[in-house]
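Hello,

Here is the structure we talked about, for you to look through. My notes on it follow below.

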Amino acid sequence: MTLTSKPLAAILFIVMFGGISVSSALGWWQTESAKVPAAFTEGEFAGQANPADIRGSYTFGDIANSFDVAPDVLARAFQITSDDPASFAVKDLESLYLDSGYEIGTNSIRLFVAFYAGLPFDTTGQEIYLLKPAADILLADATLTPEQTAYLQAHTVEVAPADVEAAPAPSEESAPETESAPPAPDPTTSSTEEYLVKGKTTFGELLQWGVPQDVIEQMIEAPMPDLAMTVKDHATATGLDFETLKTQLQAEVDKIKK
Amino acid sequence: MVKVFGKRVRLFRPRTIWIRKLVQWFFFLLIALIAVNHTLAESGSAIPVLSSASLHAVCPFGGVVTLYTLASSGVLVQKIHSSALVLAGLSLLLAIFFGPVFCGWICPLGTVQEWVGKLGRKLFKRRYNHFVPTKLDNILRYARYGILIWVLYVTAISGTLIFEAYDPYFALFNFWSGEVAPTALLILGTTLVLSVFVERPWCKYACPYGAVLGLTNLFRVFSIKRAASTCKADGACSIMCPMNIAVDNKTVVRDHQCISCLECTSEAICPVAKTVVFTSGGLK
Ligand code: SF4
């Protein structure tokens, strides 16, 4: 059988678009993730959604579909003023707090959801910050272990999102502190801010702070990119999880600066 | 066709497969619109009806790189969706029958290289697409298999789309988004500049997906065949071939680089009817 260009073009269209139509009908044609976090595979919580797998592309509504946390609770916790909190995307949180000196982003949401829903979440070696309204909600509504309470108190910050006026200073009552818990970090302390890995931190800055190039390359699993490139941009471009990368880099910076 | 002394004579015969150009335009515009719509969707102003899928969702190579994680842990690589698997399956099906038609007819990056190549053809005439010394060219043609193995390996061990940072196709349709790594932009720029001298340099030397589909040339059902009995041996088919395949000294083209563009056939450049054809059967 001999084919010329026109029948070939027709076959090509029929196969491609026919195939897409059939796969759509069968439910195989998905151009977006289902936005359902992976479940715990073992232990007491096996089968339940794992907060550590919440992604930046999820909305508060997506989170509410997988965890027992209503969108308006998340909105209150993270000071989001929106008529439709369910459609707020987790990845937009970070830009709201970009100038705060603290990384309030996807990891903060993961931590909040885990504590609120009483699910396991490994904070070992991680400095994840929560806002004071989030801490208040957790202290009032969640069942926390003493370790979780101590972690929470040590990682509560009082900062306002970019378009909201600064919250009033904490009162003794509203910011409970125990003797054993380290004090909540002060956003204005320059020594902590100076060496904080944030979305805007560039690879050049990391080198300046003394993080060895080979350590950075090992973490990003690639040769050193342009020094003016931000860690966040690189993570986005290469598909690495920024929150994880940031935590690893911060641990390296802390090691050097201690 | 006109009638001259009662005989039907063709006064004008296109020297190229014009319908392929139309199909290329169609898919280029489709993917470009989807990519722009994806950006618009992020600000909540997407064009209705048109898909706003991410580029990874409409690229069949994503379906190839995710095969390992799918088989080993049942999940897709980050940013890859099941639509990429569907497209990979359909492109492979087409390739088994007709060769890498995805490369020659659909892939917008191949199309853009061809467009830039027109400038090279104007500038360098017959020297165009013949700058790389044959020995070096023969070796470089296998580089894409090395790149394919590297991409599959790093994707399998990291579970992330490492290739995105080097992918000129992603750069071409996302350069405005701020999500493209400088390396990908550099590779895209280099590809476009080289396209002025060499036809489809990315496809020939570097494309890992072309490497996958190219393998089907070895066993595809429909192939380019040349009838030695009617061939005038003018070499037009070989000169026209964008992939520099010496069609004029073969009876069946089984070259791993053929992209099924049909430009060498009697429907296009070959002046003798039914001499270079695209067929599943034999030729006299
Ligand atoms: S051999 Fe013919 S069909 Fe194959 S790439 Fe060359 S010109 Fe196109």
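**Notes on the model**

A:Gln148 is buried, at a relative accessible area of 19%. (Buried means under 20% relative accessible area, exposed over 50%, and partly exposed in between, with a 1.4 Å probe and protein chains only.) A:Gln148 is found in helix H7 of chain A, residues 146-154. Leaving aside neighbours within four places in sequence, A:Gln148 is in contact with A:Phe115 and A:Thr143. Contact means heavy atoms within 4.5 Å. Helices (H or I, at least four residues) and strands (E, at least two) are DSSP runs, numbered from the N terminus.

This is a predicted model, in which local features need pLDDT of at least 70 and side-chain atom pairs count only at pLDDT 80 or more, while totals for chains, interfaces and linings use all residues. Residues are numbered from 1 along each chain as its sequence is written, chains are lettered from A and ligands numbered from 1 in the order in which they are written, and side-chain values use heavy atoms, with hydrogens and water left out.

**The two chains**

Chain A has 258 residues, of which 47% count as buried. Its secondary structure comes to 12 helices and 3 strands. Take the contacts in chain A with a separation of 6 or more: residues 24 or more positions apart account for 62% of them.

Chain B has 284 residues, and buried residues make up 51%. Its secondary structure comes to 13 helices and 4 strands. For contacts in chain B with a separation of 6 or more, residues 24 or more positions apart account for 72%.

**Where the chains meet**

Start with A:Met16. It lies in helix H1 of chain A, residues 5-25. A:Met16 is buried, with a relative accessible area of 5%. Not counting residues up to four places away in sequence, A:Met16 touches B:Leu87, B:Leu90, B:Ser91, B:Leu94 and B:Ile106.

The axes of H1(A) and helix H4 of chain B (residues 82-98) come within 10 Å and cross at roughly 150°. Axes are lines fitted to C-alpha atoms, for helices over the stretch in contact, and angles run from 0 to 180 degrees between N-to-C directions. H1(A) and H4(B) are therefore roughly antiparallel. (Angles under 35 degrees count as roughly parallel, over 145 as roughly antiparallel, 65 to 115 as roughly perpendicular and the rest as oblique.) Their crossing is right-handed. A crossing is left-handed if the near helix is turned anticlockwise from the far one by less than a right angle, and right-handed if clockwise. On the H1(A) side the contact includes A:Leu8, A:Ile11, A:Val15 and A:Gly19; on the H4(B) side it includes B:Val86, B:Leu93 and B:Phe98. By class, this contact has 12 nonpolar, 3 polar and no charged residues. Here Ala, Val, Leu, Ile, Met, Phe, Trp, Tyr, Cys and Pro count as nonpolar, Asp, Glu, Lys and Arg as charged, and the others, Gly among them, as polar.

H1(A) also packs on H1(B), at an angle of about 25° and with the axes 9 Å apart. That makes H1(A) roughly parallel to H1(B). H1(A) passes H1(B) in a right-handed crossing. Among the residues that meet are A:Phe13 and A:Phe17 in H1(A), and B:Phe26 and B:Phe27 in H1(B). The residues of this contact divide into 10 nonpolar, 1 polar and 1 charged.

**Within chain B**

H1(B), residues 18-42, and H6(B), residues 108-124, have axes that come within 9 Å and cross at roughly 120°. H1(B) and H6(B) are therefore oblique to each other. The crossing is left-handed. Among the residues that meet are B:Arg20, B:Trp25 and B:Phe28 in H1(B), and B:Pro108, B:Glu114 and B:Trp115 in H6(B). By class, there are 7 nonpolar, 2 polar and 3 charged residues in the contact of H1(B) with H6(B).

**Cores**

The largest nonpolar core has 80 residues, and B:Phe61, B:Trp105 and B:Phe173 touch the most other members. (A nonpolar core is a set of buried Ala, Val, Leu, Ile, Met, Phe, Trp, Tyr and Cys residues joined through side-chain atoms within 4.5 Å.) A second, separate core of 43 residues includes A:Ile54, A:Phe60, A:Phe112 and A:Ala142.

**Two positive phi values**

A:Gln79 is not a glycine, yet has a positive phi of about 55°. A:Gln79 is buried, at 16% relative accessible area. B:Val49 has a positive phi too, near 75°. B:Val49 counts as exposed, at 91% relative accessibility.

Best wishes
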